[in-house]
Amino acid sequence: MPPSSPHPSAPSTVEPIGDRLLNAIGNLNPQFLRELKGQLKPRNLSLALGLSLLAQGLLYFMFQAGLPPTDQPFQPTHHTYCLTDGHYNCLFDADGVVKVDWNYWGTNFSHTLGAGLITILVLGGVYQLIANYAKERQTGTLDFLRLTPQSGDRIFLGKILGVPAMVYLAVFAALPLHAYMTLMGGSSLLNLGLFYVSAIEIAVLFFCAAMLIACLGTNQAWLGVLVSSAMLYPAVAVLYVLFAIPEEFFGDLANRSTIFLWWIVPLSQSRLALMSFCWVWTGIGIYWIWQALGRLFRNSKATLLSKTQTYWLTAELTVFWLGFAMQPFSVGWSDWEPMLYFMSVFYLTITIALNLILMPPRQSVQDWARYHHVNAAEGLSESETRRSIWLDLLIGEKSPPTLAIAVQLLATCLVCIAWVIAMHGYWAGNLGWTAIGILLVSFASMLMLSGLLQHILHWKLKQRHALILACFFALLVIPPILLGVADLSVKAATDLWTLFVFAGSTFAIEQVTLTALLGAFTWQLATAGLLTYRFKRSIEVLGRSEVRRLIER
Amino acid sequence: MLELTDSSLLTAAVSPPEFAIETRGLTKQFDHHVAVNSIDLKISPGEVYGLIGPNGAGKTTLIRMLAAAEEPTTGEIYIHGERLLRDRQNATIKRYLGYLPDDYPLYEDLTVWDYLDYYARLYELRDPKRTQRLYEVLDLVQLTYKRNSPITELSRGMKQRLGLARTIVHEPILLLLDEPVSGLDPIARRQFREVIQTLQEAGMTILISSHVLSDLAELCTSIGIVELGCLVESTSLESLYRRLSHQQILIKFSDGLERLTDLLSRTPYVEGWTPSSDRRSLTVDFSGRVEDCTALLRSIILADIPISEFHRTQESLEDIFLKLGHQQVS
């Protein structure tokens with residue numbers, strides 16, 4: 001609000017918080033202040049606090065109602081919340097009143113409240129962030145933010161801090177009750193602190209993902225909430241499992257036959273070590289989404305990540321699974337079959353993700369095809385070297401991602417083969433070589449699917465993503481179903497499974513023949529080559545000048 | 001073609017910032033439609049440059065590219081000698097620029113003051129300068145009395161002026177205004193024009209696109225005509241009038257037609273005349289400047305010819321625009 005002198009000031013709606021504090025916040029992050037000014041209205045404040053207290057009260061009365069009755073004629077002999085004698089019979093005090101297990105009651109209350117708070121925090125925040133961003137984009141105010149010298153980092157940080165301010169307030173108002181119930185349940189405040197650190201990280205991950213979804217053009221906040229609900233459930237489940245692991249699991253590493261290691265990091269050393277591992281990898285996930293957000297803020301037509309960034313991302317993901325796979329378990333080869341299948345599916349997912357991340361919009365590909373020779377020369381002022389087309393395909397911003405993805409698939413395929421060789425002691429007979437053959441076939445399939453995906457993404461179709469889903473369903477889901485319906489099991493018809501089902505031979509490693517592997521590898525690689533050639537031709541046609549187009553007519 | 005680009009890049013590295021805006025081969029293509037076609041635009045500091053052209057000619061796309069709101073397909077943009085690169089933060093160039101598009105989205109949940117304060121902070125203005133600047137721009141756009149009002153309560157003209165205040169709050173040195181007076185009533189248009197004139201006097205370089213050519217004729221020092229994505233004309237307004245505007249002088253008199261025609265035949269820049277049917281007035285085709293016109297009037301008076309009216313008329317910017325073969329002004 002304007003200062004009082006020399007002009008009269010406005011009636012204040014946020015006076016109690018303090019102008020100086022708001023001014024300091026505004027200097028640190030103008031976007032945060034702007035969101036606060038939009039939110040900090042007496043009506044919003046009282047609504048957030050009122051709803052929070054009401055929900056807490058309802059939850060308290062609900063749990064209160066779940067306690068065993070203490071009136072003499074109705075006292076139970078069995079009840080969830082009574083102290084028992086070891087045979088599930090309730091204990092009674094000297095007055096004949098049932099003894100309540102307040103620890104268990106408090107723990108349940110605390111867990112329910114905690115889960116409720118995360119849900120409200122994440123879903124409420126996701127809804128508000130997507131709705132806010134969509135509104136800014138629709139009204140056009142977002143373009144003005146892009147024109148200011150502020151970085152995307154500060155704008156997004158301000159939005160994440162400020163847009164769900166009322167949700168934060170509602171959650172904050174429930175903290176005293178949560179702390180009280182945690183203590184009543186016999187748990188420490190340190191555990192509560194660990195819970196909140198994890199909850200905040202999960203919320204930040206969801207908020208960043210919500211902003212990314214909004215940046216990609218989603219206006220439907222409820223859709224974000226729906227997707228988040230589906231994703232949040234497993235995330236909260238993992239969080240509760242982390243807290244539910246009994247203390248006996250941790251510590252005493254020397255006397256274990258199996259130790260839960262990641263590379264050389266003993267994750268089973270302590271709960272904190274295991275949680276830190278989860279925090280670090282969630283943090284890495286947040287980092288990459290943040291990078292994508294920054295790029296989209298600078299240029300809404302940019303790819304989510306640059307090609308160079310995806311090399312690092314793929315390397316990181318490879319390091320992640322290798323950390324678990326390079327373990328000296330004393331197990332036979334048969335345990336490695338699921339690992340082969342996991343690797344194939346893992347890298348198939350990465351292949352699909354890389355295509356979606358790296359495929360520039362059709363207009364950008366057209367501009368690249370038409371003008372890349374000019375723009376490569378213009379890049380001289382930045383790099384002082386003329387960029388070759390090969391280098392442009394490997395690291396260029398607008399170039400098609402074909403080569404970059406192929407290089408990444410080749411590199412990861414080599415890593416997987418190296419892993420099979422490194423684990424040679426666990427493969428019986430020649431099965432190591434068969435495993436390498438299976439991996440080569442899987443990576444040829446990925447190359448083929450990648451080519452198909454690029455074709456579809458390049459088409460001028462509104463329903464591209466539906467078509468992608470249909471194609472992947474036809475290629476990946478229908479063949480195993482058809483073979484299953486025809487009663488042709490993997491062991492009985494290994495050749496058919498090898499030829500037509502993605503990673504179909506991983507569960508018949510002993511039966512698979514070299515001919516089938518060679519056949520599958522050849523047809524898939526040939527199809528990948530054909531698709532790449534067609535894709536190249538279509539880009540050449542797209543990039544033709546108008547003059548050439550007229551002449552060719 | 002590459003060699004040409006190479007040499008232009010070499011010159012770019014050493015060229016002093018003699019232009020507020022300089023573009024080289026600036027092109028924007030949407031699918032197969034070339035919206036802006038290899039435009040080389042040069043605007044000197046302090047100029048008020050009017051951009052005119054039919055709808056769909058590429059004016060808005062050109063301005064959006066200059067404002068870093070749109071990525072060029074190819075070509076280079078220099079703002080005060082600094083290269084604008086799309087994938088960079090361009091923080092310095094963004095401080096130079098103020099951009100007002102034809103639609104002016106505002107935050108309806110904020111007051112006038114909070115809205116401007118927010119943008120001042122985004123441009124990293126600190127108190128006490130920020131508060132002082134806010135009062136300055138509010139005063140300039142005549143909205144001081146509305147500073148505590150919610151934006152929803154403002155009229156269209158006020159919102160337009162608030163948009164302009166937002167555009168200049170960080171003291172840019174280059175203003176890009178796209179159709180700033182479209183949809184405004186005559187009073188609001190005049191108020192807006194006065195603000196632009198004040199900014200011009202303050203030395204700001206202004207690029208303004210408008211279909212209201214009378215406004216441009218009043219404001220601009222130079223004019224660029226865009227058609228089918230090409231910059232077909234880029235010159236000073238004076239030069240444009242001199243080259244393309246037909247000038248006439250109407251002289252009414254009570255007596256002395258012969259003496260007057262004799263005088264006119266000896267006067268430079270007089271290309272011909274047409275007497276009226278009553279032989280009491282002449283329409284003179286004249287190609288001289290204002291000073292030459294004054295000299296002619298003086299010589300008529302010195303020749304003691306009894307004139308009752310001496311009126312100089314010139315074809316307007318709109319006439320010139322239409323004469324050049326452009327059928328559509330708006």
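Okay, let's start with chain A: it has 22 helices and two strands. Here helices (H or I, at least four residues) and strands (E, at least two) are DSSP runs, numbered from the N terminus. Before I go on, this is a predicted model, where local features need pLDDT of at least 70, side-chain atom pairs count only at pLDDT 80 or more, and totals for chains, interfaces and linings use all residues. Residues are numbered from 1 along each chain as its sequence is written, while chains are lettered from A and ligands numbered from 1 in the order in which they are written.

Back to chain A. Its C-alpha trace spans about 95 × 80 × 45 Å along the principal axes. Of its 553 residues, 31% are buried. A residue is buried if 20 or more other C-beta atoms lie within 10 Å of its own, exposed if 12 or fewer, and partly exposed in between, with C-beta atoms placed from the backbone. Now take the contacts in chain A with a separation of 6 or more: 68% of them are between residues 24 or more positions apart. In contact means that the C-beta atoms of two residues, placed from the backbone, lie within 7 Å.

Next, a helix pair. Helix α1 (residues 19-28) and helix α2 (residues 30-39) of chain A pack at an angle of about 135 degrees, and their axes are 5 Å apart. Axes are lines fitted to C-alpha atoms, for helices over the stretch in contact, and angles run from 0 to 180 degrees between N-to-C directions. So α1(A) and α2(A) are oblique to each other; under 35 degrees counts as roughly parallel, over 145 as roughly antiparallel, 65 to 115 as roughly perpendicular and the rest as oblique. On the α1(A) side the contact uses L22(A), I25(A) and G26(A), and on the α2(A) side P30(A), F32(A), L33(A) and L36(A). By class, that's six nonpolar, one polar and no charged residues. Ala, Val, Leu, Ile, Met, Phe, Trp, Tyr, Cys and Pro count as nonpolar, Asp, Glu, Lys and Arg as charged, and the others, Gly among them, as polar.

How do the two chains meet? The contact takes 35 residues from chain A and 41 residues from chain B. On the chain A side, the elements giving two or more residues are α1, α2, α5 (141-147), α14 (362-378) and α15 (380-383). The largest share, eight residues, comes from α14(A). That side divides into 12 nonpolar, 14 polar and nine charged residues.

Over to chain B. Its domain assignment gives domain 1 (2-241) and domain 2 (246-314), with bounds from an automatic or database domain assignment. Their centres, taken over C-alpha atoms, are separated by 43 Å.

Buried or exposed, with 21 C-beta neighbours inside 10 Å? A35(B) counts as buried because of those 21 neighbours.

Last, a sheet in chain B. Four strands form an open, antiparallel sheet in the order β13-β14-β12-β15; two strands pair if DSSP finds at least two bridges between them. β13 (270-275) and β15 (307-314) of chain B stand at the edges with a single partner strand each, so one side of each has no neighbour in the sheet. Inside it, six bridges join β12 (residues 247-253) to β14 (residues 281-286) of chain B, and Q247(B) has F286(B) in β14(B) as its bridge partner.
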